[in-house]
Amino acid sequence: MAEVVLHIYDVTNSGSEKTNNTIVQINRIFKDGIGLGGIFHSAIQVFGDEEWSFGFCEEGTGVFSCPSSENPMYAYREKIVIGRTECSIFLVNQILRELSREWPGHSYDLLSKNCNHFCNEFCDRLGVQKLPGWVNRFAHAGDAALEVAGNTATRLRQAKTEVVSASKVAYRFLAGLTSNVTNGGPQRPPDDSNRGNPRFQATWLKGLISGARPTTSTDIENKDEDEDSSQQQQKQKLNPDSNVTLHQ
């Protein structure tokens, strides 16, 4: 059985001394002070003096090795014995070859596929426990925050689409209703001479509001004739002699 060792570094490769010092201070406060976590690089050592990790590159595998605790890009912090693996050195080499194919450098992602994720995968295949939660907690928190933000943005986009669609439907409805009221209802055939008659429009609109059957131009004409006949009869009652022919 071989010992599996986790090597941890403070991420101090920003190119800015001020930024690097800030990261170190953050790690001291959040990890050493309250045990929450920090911004770390990690690597796994098993069989020999080399440690194995994962990083970004444009071509080829992102899996690489260097002398243990001597990665020149970061500030070494500490080591933790993860456990002991039952894998032989031959099997470990086979696992590393598989990981080299599965972890190309261009697939590196700070939040979802970084060196700590690689070390977790390596430990899992070695049959030992994974990294302590605080090593990659900031990445997990950032990934979760991005997921929540993405879901929220999706919901907002969906809501916006629904509101716009509803607004268009309402606009078309109101535009149609306004057109109906202005034109006296649905369009009539060209030979309908009463279409522009204000009396016809008012009667049709009244029927529309009351829910009655829409009145046609023929109905209006018949009603006009009935009213004229009724008025004539009323005049005759008031003046019986109006229709009597006088004879000399």
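**Close-up views of a predicted model**

**View 1. Ile89 and the nonpolar surface patch around it.** Ile89 has its place in helix H2 (residues 89-102), where helices (H or I, at least four residues) and strands (E, at least two) are DSSP runs numbered from the N terminus. This is a predicted model, in which local features need pLDDT of at least 70 and side-chain atom pairs count only at pLDDT 80 or more, while totals for chains, interfaces and linings use all residues. Residues are numbered from 1 along each chain as its sequence is written, and side-chain values use heavy atoms, with hydrogens and water left out. At 48% relative accessibility, Ile89 counts as partly exposed, the classes being buried under 20% relative accessible area, exposed over 50% and partly exposed in between (1.4 Å probe, protein chains only). Together with Phe47 and Phe90, Ile89 forms a nonpolar patch with about 320 Å² of accessible area.

**View 2. Strand S1 between its pairing partners S5 and S2.** Eight of the nine residues of S1 (residues 2-10) are buried, so this strand is largely enclosed by the rest of the structure. S1 pairs with strand S5 (residues 75-85) in the antiparallel sense over nine bridges, pairing being assigned if DSSP finds at least two bridges between two strands; Val5 has Val81 in S5 as its bridge partner. Six bridges join S1 to strand S2 (residues 40-45), also antiparallel, and Asp10 stands opposite Phe40 in S2.

**View 3. Salt bridges of Arg77.** Arg77 forms a salt bridge (a side-chain nitrogen of Lys or Arg within 4 Å of a carboxyl oxygen of Asp or Glu) with Asp10, the closest N and O atoms being 3.2 Å apart. This pair links distant parts of the chain, with Arg77 in strand S5 and Asp10 in strand S1, 67 residues apart. Asp10 is buried, with a relative accessible area of 7%. The side chain of Arg77 also meets that of Glu78 in a salt bridge (3.5 Å, N to O), and Glu78 is partly exposed at 22% relative accessible area.

**View 4. Glu121 and Arg125 in helix H3.** The side chains of Glu121 and Arg125 meet in a salt bridge (2.8 Å, N to O). Being four residues apart in H3, Glu121 and Arg125 are separated by about one helical turn. Both residues are partly exposed, Glu121 with a relative accessible area of 26% and Arg125 at 25% relative accessibility. Salt bridges that share partners join Glu98, Glu102, Glu121 and Arg125 into one network.

Key:
Patches are made of residues with over 30% relative accessible area and no salt bridge: like charges are joined within 9 Å, nonpolar side chains (Val, Leu, Ile, Met, Phe, Trp, Tyr) within 5 Å. Accessible areas come from the Shrake-Rupley method with a 1.4 Å probe; for residues, only the protein chains shown count as cover.
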